[in-house]
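Biologist: I'd like to learn how to read contacts, cores and strand pairs in a model like this one. Could you walk me through it?

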Amino acid sequence: MGSAAVVVDDLRKRYGDKVAVDGISLRVEEGEIFGILGPNGAGKTTTVECVAGLRIGDEGSVRVHGLDPWTDRPALTRILGIQLQESRLQAKITVREALELWTALYDDPVAWPDLAERLGLTELLPQRYAKLSGGQQQRLSIALALVGRPRVVVLDELSTGLDPRARRDVWQLVRDVRAAGTTVLLVTHAMEEAQQLCDRIAIVDRGRIRALDTPTGLVDAAGPATTTTFRPSAPTDLEALRELPGVVSVHADDGRVVVTGADDTVLRLLPVLERQHVVPQSLRVEAGSLDTAYLDLTADPIEETV
Amino acid sequence: MATATATAAVVRTEARLFGRELGALFWTVLFPTALVAVLGSIPSFSDPVAGTGGLRTIDLYVSVAVLMSMSMAAVMAMPAAVFAYREAGVLRRLRTTPVGPGAVLLAQALLHAAAVIGASALVLTIGRVAYDTPLPESPVGYLMAYALALVATFSVGAVITSLVPNSRIGTAVGTIVFFPMLFTAGVWLPVQVMPDVLREIVVVTPLGAASEALAEAMAGDFPDLRHLVVVAVWAVVLWLVSVRTFRWE
């Protein structure tokens, strides 16, 4: 093992009665892109906020390059950059002013014009913050997280509001930042993002880590050989599908039905649909994916029929 | 360390942003002068007021206008700016940087104070030029009383920003605090002509004591130490309360 950039040990945090983080431990190696993947409310953001020292855990400990974020925030802010959800800048600050200001806050900043160029902000430099679109604000926020040349950067819901092209650009930027030596802690609920970027992923649900492995490792461990998805032409009785031999899970997702199971699942599935007079539109059969692993590990009963 | 230059960068940036808030600038900088200009044109305000040693109403109102602009900036404008930053997450965002959100609060206090000082200079000048109001006979005493008053009013504002959870309540609290402050400063009834009992009460409030001290300095006496101490004690107590209770989010 290399040297650890971030070590979280048995972190616990509750808000009143609600347990947000229920014993999370993880170790992020220097130069790694580490993903924290999970549904909304899983405790991802609370975890990284504890890492950044914005919140203090009730129990456990956190170290970032040996620093305790809960007691030594001034030192931490020099080595950790963060892009936060739900934080905005001064309404009338321009993009250029924000970049210049953040540059002045750090001892060894990167050249902000390069970052601005990479993030497509160059044209927007004279624009005021309040006039930017959500995606533009997001790109500026990423630039500000990186301008201080942090040793560790926390990116919380990196690609929220970005169009597909901007998302690709940002992903490449994250890879390049890592190649330059920065450790990346990536919070996301987007499977594709985690799979594309991360060396390792922790799947978090209800305050705990449900699995922690490389993307490939997670897929292999998930078991089911195939994932069958289709858009039902009529309401479908999911319970009947669940009872089929070899089926591991069935759930409805955004108008699609997703069935995971053994190789012969699809053969057994089609006759049942026919009996229900359901035509499986846009039918796809795929080998196991991170989706499968994720859904198995964060399983919550969703709706029974579509 | 680089923190000093970083703080300077924050103050510089905030100064630019402050210059874009034309509405706030008008109320802080120009309104007191406009008030004195209007009041000075009322004929009866040029009559001497009994019990003040020959001062005219307009002479008294110069000090009142100074305290009023100070109060407005300190308990309404400055807290509003801080609430806006807190609610937008600006303070939270700055907590993750080496400079910390304290720099923004410092910048806001400095800039509002600077605007107040500009407003006061303008009021004294216009009063002098247009209505021949006296300049402070004891400049040193005046500056001292003025500085203390500035710290005291901004401490009241700081307590509001600390204790009030959001801008909606903040505006209400600011207004509720503003009027007693104006009253004790003598906006409706100059402190110097208040009935004795009322005056005894008012001079232990921060603005009442400041108002007395400023009036004494105007008249040429070094302000009564008692008044300066009252203002200073208020400033220290309020400042401590604010620092102990401030929330970043």
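Modeller: Gladly! Let's begin with contact, which means heavy atoms within 4.5 Å. Keep in mind that this is a predicted model.

Biologist: Which residues does B:T96 touch, not counting residues up to four places away in sequence?

Modeller: B:T96 touches A:L54, A:R73, A:T77, A:L80, A:I82, A:L84 and A:Y106. You will find B:T96 in the loop between helix 4 (90–95) and helix 5 (102–131) of chain B.

Biologist: Is B:T96 buried or exposed?

Modeller: The cut-off for buried is under 20% relative accessible area. B:T96 has 5%, so this residue counts as buried. A polar atom of its side chain lies 2.6 Å from the backbone oxygen of B:R93.

Biologist: What does A:W102 contact, leaving aside its neighbours within four places in sequence?

Modeller: Its partners are A:L89, A:L144, A:V147, B:R93, B:L94 and B:T97.

Biologist: And how do I read the largest nonpolar core?

Modeller: Look for the members that touch the most others: among the 66 residues these are A:L99, A:W102, A:L105, A:L140, A:L158 and A:L290. Domain 1 (4–213) and domain 2 (220–297) of chain A each supply at least three residues to this core. Another core, of 51 residues, lies apart from it and includes B:V116, B:A152, B:V159 and B:L214.

Biologist: How about strands?

Modeller: In a regular strand, side chains alternate between the two faces of the sheet. Here, strand 11 (residues 247–253) of chain A has five of its seven residues buried. Strand 11 of chain A pairs with strand 12 (residues 256–261) of chain A in the antiparallel sense, over six bridges.

Biologist: What is the phi of A:D254 in the turn?

Modeller: A:D254 has a positive phi of about 55 degrees, in a hairpin with two residues between strand 11 and strand 12 of chain A.

Methods:
Residues are numbered from 1 along each chain as its sequence is written. Chains are lettered from A and ligands numbered from 1 in the order in which they are written. This is a predicted model: local features need pLDDT of at least 70, side-chain atom pairs count only at pLDDT 80 or more; totals for chains, interfaces and linings use all residues. Side-chain values use heavy atoms; hydrogens and water are left out. Helices (H or I, at least four residues) and strands (E, at least two) are DSSP runs, numbered from the N terminus. Buried means under 20% relative accessible area, exposed over 50%, partly exposed in between (1.4 Å probe, protein chains only). A polar contact is a pair of N or O atoms within 3.5 Å; within protein, one must be able to donate a hydrogen and the other to accept it, and residues adjacent in sequence count only if both atoms are side-chain atoms. A nonpolar core is a set of buried Ala, Val, Leu, Ile, Met, Phe, Trp, Tyr and Cys residues joined through side-chain atoms within 4.5 Å. Domain bounds come from an automatic or database domain assignment. Two strands pair if DSSP finds at least two bridges between them.
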